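Good morning, and thank you for making time for this presentation. Please have the sequence and the model open while I speak.

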Amino acid sequence: MSLLSFTDVNIWYTRRGEQPSQAVAGVSLAVEPGELVTIVGESGSGKSTLIRSAIGLLPVNSRIGGEIRLDNASVAGWSHNRFARYRGTYVGFIPQDPGVALNPVKPIGRQLEDALRNRLRGGRLLPFGNGAHRQHIRREAFRFLELAGLPAPEAIYAKYPHELSGGMKQRVLIAIALSGEPKLLIADEPTSALDVTVQKQILDHLDVLREELGIGILLVTHDLGVALDRADRIVVMRHGRVVEEGTSSEILHGARDGYTRRLLEAAPGLHTGRLTPRSIDLSSLKLARVAAGEHERGTSEHAIEVTDVSKTFTTRRGGVEHSVKAADEVSFKVKSGATHALVGESGAGKSTIARIVAGLTAADSGEVRLLGQAERWSRKRLSRSLQFVYQNPYSSLDPRFSVADLVTEPIRVHRGDIGRRDRHEIALELLDGVQLPHKYAKHRAGELSGGQAQRVAIARALSLNPEIVILDEAVSALDVSVQAEILQLLADLQAAYSLTYLFITHDLGVVKLFADAVSVLRAGSVVESGDTASVLGNPQEEYTKLLIDSVPGSHLTV
Amino acid sequence: MTIRLDQPSAADPPSTASGADPTLDAATPSAPPRRRFGVFHPIVTQPGLAVAVLVVLLAVAFCVIPAAFTWMNPYVPDTSAILAGPSATQPFGTDRLGRDVYTRTVYGAVITLTATLLAVSIAFFIGTALGLVAGFVRGIVDLVLMRVVDVLLSVPGLLLTMVIVSALGYGTTNVAIAVGISSVANFARVMRAEVLKVTQADFVEAAASIGTHRVAILLRHVLPNSMSSVLALIPLQFGSSILAIAALGFLGFGAPPPQPEWGLLVAEGRDVLAIAPWISLFPGAVILSVVLASNRISRALQPVRGL
């Protein structure tokens with residue numbers, strides 16, 4: 001008997017005055033006790049909608065067709081109260097974002113006890129507790145915090161969510177999900193917001209729980225690496241449909257569906273070897289070249305030389321100064337025309353260093369030498385040679401500008417003599433360069449998909465024909481298949497424009513695919529630096545080894 | 001290795017909200033279809049808003065072409081019909097000089113709404129400029145401007161306008177200026193908050209990093225992106241300005257008596273409220289409905305915040 005089964009489930013969202021849109025179409029799926037089933041899919045594939053339907057968490061404007069069976073009873077038409085009896089005690093739910101899923105004004109222990117009280121209330125005569133009962137609940141709370149892998153539960157118990165790190169908050173959410181002693185855990189991207197090392201710990205822990213308690217787990221993820229590493233069965237979803245279902249090895253070696261193969265191909269962690277650039281014909285970019293002006297391109301050996309750069313951020317809270325060393329005597333050199341990756345977990349100071357190189361933040365001490373030039377450049381001169389691409393294209397592109405205006409804005413600022421019509425021509429050329437159809441020239445950034453918007457940001461960065469482009473987590477927010485396309489595009493452009501990339505990322509898989517050299521950062525200082533192949537293939541430092549080991553899917557080969 | 005780009009955006013999530021691809025709807029049973037209303041759709045789904053827009057349009061029409069809505073003269077007394085109740089020919093009745101209250105209300109719109117427009121324009125332009133400068137320049141300028149705004153906010157609005165009118169002298173224009181100045185603070189506050197938010201955005205930094213001049217950043221990036229909340233404030237301020245101007249007219253600070261200003265119309269019926277309530281009630285109801293309508297429009301204009 002399966003814990004949870006979907007049979008031919010269809011889900012629509014209705015909106016006033018619009019055609020209902022179908023989010024899930026004809027999905028059948030079952031989770032058995034002790035089994036880990038993962039649903040893999042990119043954004044918009046309906047995976048979250050599907051699992052939320054099983055516990056009655058869909059918004060009121062949804063319509064469900066087909067049969068969903070929970071504990072062998074069909075949930076169709078269940079009231080909130082009826083669902084409430086199953087939530088927690090039969091199904092535990094781990095939400096996606098640990099940052100917003102906990103009540104910020106309540107201590108952790110109290111939130112966990114709320115969940116516990118729900119289960120332990122059963123069979124009691126009085127609606128309130130007594131001392132012994134409270135003691136019992138508190139002991140249980142400690143037990144579940146420990147079970148979720150949090151050391152020293154007594155200390156955590158009294159803390160507020162903002163005092164904990166993301167990984168600890170995620171563990172608290174797991175503790176709450178486990179507190180009802182459920183037979184089934186549903187986890188919606190439980191580790192997507194976390195660093196790889198923390199992700200590995202949490203996934204390891206879920207594995208242990210599954211073995212010890214024999215619960216079934218339904219895990220939703222966008223990361224095929226995670227799924228291949230952990231799951232008994234993998235369900236690949238796209239546009240609301242199941243396109244493929246099978247065990248890890250079946251998916252890995254015998255994927256039948258084209259989309260699954262594309263996903264496998266795109267998953268950076270599964271690859272060895274670097275992306276090879278394909279040649280792009282740049283002759284069509286004549287106008288843009290002319291507009292950018294024939295400024296002298298640097299010919300020095302190293303495009304970027306960073307020497308002993310330090311930066312400390314100081315914040316004052318309640319009269320007490322807190323200082324964080326974001327960069328501590330960081331040094332590295334980037335060869336002209338090469339890609340240098342800065343890798344590290346959150347808080348390692350990679351973005352700070354990138355911003356110092358780009359001149360967006362001033363360093364406390366140390367020197368940054370660009371293209372062999374020692375003198376400080378003005379903003380205008382600097383932007384000729386160096387451009388910055390942000391992580392989130394939607395926030396780095398003005399939402400009120402059209403795509404054509406966005407990509408030519410640097411030219412407008414630098415060359416006042418180029419008219420509106422010429423700029424439009426240049427914009428179309430630049431869009432050609434990043435392989436974005438001309439029809440998008442009139443759209444606004446908000447109307448584009450993430451991948452398209454990031455293409456616009458890249459086109460804009462290239463409009464002035466710079467030597468150096470800094471990519472600050474430029475592909476991290478994208479779906480894997482889109483990410484792979486953008487990386488390939490960047491590799492192509494690098495060869496065509498002879499660009500130097502400073503590539504900031506937390507994803508070692510991407511580094512392997514894309515970078516010539518890499519510096520591993522931790523807490524503001526460089527742990528290890530060198531050739532990508534030698535650093536990743538033969539790491540010298542413990543921390544680098546740990547990072548490499550944590551990349552999901554890294555031990556698998558296609 | 002290379003990654004094929006021959007099917008470039010096939011895996012891009014669809015950019016439209018309707019999500020699922022069209023073939024999918026055709027192949028599977030679709031949810032029950034809904035009735036549609038074509039161009040009348042917004043009216044059917046939001047009838048309150050439609051009525052509000054209609055009321056405001058009517059009031060504006062009163063203001064622009066009053067003669068099209070009545071053939072009577074708002075100033076000429078008619079001794080044959082003093083304090084006559086509402087009837088088919090005189091829907092709002094007549095006042096104690098026999099003038100048609102409906103006609104006076106229509107012509108009153110010219111005075112009241114023009115004054116309101118002036119007041120809101122003053123508040124909007126001065127307030128937005130102050131907020132923009134304070135939010136963008138920051139530092140000591142911000143500190144000084146915002147303390148001035150705090151002072152304006154700390155005095156009750158009507159009291160402040162009465163003080164300003166007393167200083168400037170009576171009259172509709174002066175009332176409008178006074179009401180405008182007293183609501184500068186609202187616009188300045190909202191604008192500053194929006195500007196602070198927008199200047200944090202990456203695209204402002206991106207514009208600065210390519211060497212854009214500060215003024216150009218302000219006008220091209222910050223101003224357009226911070227206007228939406230301020231624009232939603234305009235109809236709201238419009239409603240409260242009508243109220244403030246009518247209140248001052250009622251108290252006798254505004255237009256002198258023969259003029260049919262709305263507040264004055266209500267005041268004229270004050271003494272005879274027991275025997276001829278229509279003189280005060282109908283202009284009052286008109287004021288009420290225009291204010292309500294503009295508030296409703298303001299709510300519809302508010303930028304939709306994310307979840």
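Predicted model: local features only at pLDDT ≥ 70, side-chain atom pairs only at ≥ 80, totals over all residues.

**Chain B, then chain A**

Let me begin with chain B. Among contacts in chain B between residues at least 6 apart in sequence, 68% join residues at least 24 apart. Chain B contains twelve helices and zero strands. Along its sequence, the pattern reads α-α-α-α-α-α-α-α-α-α-α-α. Of its 307 residues, 41% count as buried.

I turn now to chain A. Here we have 22 helices and 19 strands. Along the principal axes, the C-alpha atoms of chain A occupy a box of roughly 85 × 55 × 45 Å. Buried residues account for 50% of the 558 residues in chain A. For contacts in chain A with a separation of 6 or more, 73% are between residues 24 or more positions apart.

How is chain A divided into domains? Domain 1 of chain A covers residues 4–266, and domain 2 of chain A covers residues 283–550. Taken over C-alpha atoms, the centres of these two domains of chain A are separated by 36 Å. Twelve residues from domain 1 of chain A and eleven residues from domain 2 of chain A take part in the contact. On the domain 1 side, the elements that give two or more residues are helix 8 (196–213) and helix 11 (258–266) of chain A. Helix 8 of chain A provides the largest share of that side, with four residues. By class, the domain 1 side of this contact in chain A has four nonpolar, four polar and four charged residues.

In chain A, six strands form an open sheet in the order 6-7-8-3-9-10, with mixed pairing. Strand 6 (91–94) and strand 10 (241–246) of chain A are the edge strands, and each pairs on one side only. From one strand to the next, the twist averages 15°. Helix 7 of chain A, residues 166–179, lies across strand 6 and strand 7 (184–188) of chain A. The direction of helix 7 runs at about 170° to strand 6 of chain A.

Within this sheet, I would draw your attention to strand 3 of chain A, residues 36–40.

With strand 8 of chain A, residues 216–221, strand 3 of chain A pairs in the parallel sense over five bridges. In this pairing, V37(A) stands opposite L218(A) of strand 8, and T221(A) is the bridge partner of V40(A). With strand 9 of chain A, residues 233–238, strand 3 of chain A again pairs in the parallel sense, over four bridges. There, I39(A) stands opposite V235(A).

Six strands form an open sheet in the order 15-16-17-13-18-19, and the pairing is mixed. Strand 15 (386–389) and strand 19 (525–531) of chain A stand at the edges with a single partner strand each, so one side of each has no neighbour in the sheet. The twist in this sheet averages 15° from one strand to the next.

Which strand of chain A pairs with strand 19 of chain A over six bridges? The partner is strand 18 of chain A, residues 517–522, and the pairing is antiparallel. Within it, S519(A) stands opposite S529(A) of strand 19. Helix 22 of chain A, residues 542–550, packs on the sheet and touches both strand 18 and strand 19 of chain A. The direction of helix 22 makes about 105° with that of strand 18 of chain A.

That concludes my presentation, and I welcome your questions.

Key: Residues numbered from 1 in each chain as written. Chains lettered and ligands numbered in written order. Domains from an automatic or database assignment. Contact = placed C-beta atoms within 7 Å. Nonpolar A, V, L, I, M, F, W, Y, C, P; charged D, E, K, R; others polar. Buried ≥ 20, exposed ≤ 12 C-beta atoms within 10 Å, placed from the backbone. Pairing = 2+ DSSP bridges. Axes fitted to C-alpha atoms, helices over the stretch in contact; angles between N-to-C directions.
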